[in-house]
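This report goes through a single-chain model, from its overall make-up to individual side-chain pairs. The sequence and structure come first.

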Amino acid sequence: MTNEPSTSHQSANEDDVDINDVFDNLLLAEEHLAEAGYQRGLAQGVREGNVDAYHFGYHRGAEVGAELGFYYGVICGQEKNAEAREGGPSKGESLLKELKREIEEFPKFNDLEADIVEGLVKLRAKYKKLCALLKISAKYARPNELSF
């Protein structure tokens with residue numbers, strides 16, 4: 001007889017698996033697969049979503065810039081007309097200067113502290129007020145609202 005331990009007995013100890021774990025793995029297989037699929041899908045969505053969000057933000061920023069550029073052009077044109085008119089400064093002229101200053105100070109880069117949407121809404125309201133005070137019709141036609 002040899003004093004060596006039995007290899008069949010040793011491998012049985014290493015391969016001991018709790019039968020409850022086996023059943024749990026079988027019963028929860030669908031949940032494990034669903035969780036793994038969710039994690040893969042989330043990672044892919046984050047990668048692809050960032051690209052889509054960048055393009056959306058870029059185009060939306062271009063639209064806002066075109067609108068502000070239109071307002072600024074009208075304001076500069078009205079300033080030239082105001083210089084040619086006689087008389088003291090009117091409410092419209094002071095609003096011209098205020099609106100011009102606010103457009104120049106409008107955030108040009110992504111500033112997390114600035115509320116760009118709220119600022120744009122206020123600029124639009126002031127611009128409408130300016131048009132009413134100066135009795136001009138210079139409505140900004142958004143690209144998707146153009147009709148021929």
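## Terms and basis

A residue is called buried at under 20% relative accessible area, exposed at over 50%, and partly exposed in between (1.4 Å probe, protein chains only). The model is predicted: local features need pLDDT of at least 70 and side-chain atom pairs count only at pLDDT 80 or more, while totals for chains, interfaces and linings use all residues. Numbering starts from 1 along each chain as its sequence is written, and side-chain values use heavy atoms, with hydrogens and water left out.

## Overall make-up

The chain has five helices and zero strands, where helices (H or I, at least four residues) and strands (E, at least two) are DSSP runs numbered from the N terminus. Of the 148 residues, 18% are buried. The chain exposes about 12100 Å², and carbon and sulfur atoms supply 56% of that area; accessible areas come from the Shrake-Rupley method with a 1.4 Å probe, and for residues only the protein chains shown count as cover.

A contact means heavy atoms within 4.5 Å. Among contacts between residues at least 6 apart in sequence, 72% join residues at least 24 apart.

## Nonpolar core

A nonpolar core is a set of buried Ala, Val, Leu, Ile, Met, Phe, Trp, Tyr and Cys residues joined through side-chain atoms within 4.5 Å. The largest one holds 18 residues, of which Leu-68, Leu-99, Ile-103, Tyr-127 and Leu-130 touch the most other members. Helix 3, helix 4 (91-105) and helix 5 each give two or more residues to this core, and helix 5 gives the most, with six.

Not counting residues up to four places away in sequence, Leu-99 touches Ile-75, Leu-123, Lys-126, Tyr-127 and Leu-130.

## Aromatic pairs

The structure holds six aromatic pairs. Rings of Phe, Tyr and Trp (its six-membered ring) pair if their centres lie within 6.5 Å; planes under 30 degrees apart count as stacked, over 60 as edge-to-face and the rest as tilted. The rings of Tyr-71 and Tyr-140 have centres 6.2 Å apart and planes at 75°, so this pair is edge-to-face. Tyr-71 lies in helix 3 (residues 29-84) and Tyr-140 in the segment after helix 5 (116-134), so the pair ties together parts 69 residues apart in sequence.

Tyr-71 is buried at 5% relative accessible area, and Tyr-140 is buried at 11%. Phe-70, Tyr-71, Tyr-127 and Tyr-140 form one aromatic cluster.

## Salt bridges

Seven salt bridges are found in the whole structure, each a side-chain nitrogen of Lys or Arg within 4 Å of a carboxyl oxygen of Asp or Glu. One of them joins Glu-67 and Arg-124 (2.7 Å, N to O). Glu-67 is in helix 3 and Arg-124 in helix 5, so the bridge ties together parts 57 residues apart in sequence. Glu-67 is buried at 2% relative accessible area, whereas Arg-124 is partly exposed at 22%.

Glu-79 and Lys-100 also meet in a salt bridge (3.0 Å, N to O), and both residues are buried. Another joins Glu-98 and Lys-126 (2.5 Å, N to O). Glu-98 lies in helix 4 and Lys-126 in helix 5, so parts 28 residues apart in sequence are tied together. Glu-98, Glu-102 and Lys-126 are linked in a network of salt bridges.

Most residues other than glycine have a negative phi. Lys-135 is not a glycine, yet has a positive phi of about 55°. Lys-135 sits in the segment after helix 5 and is exposed, at 75% relative accessibility.
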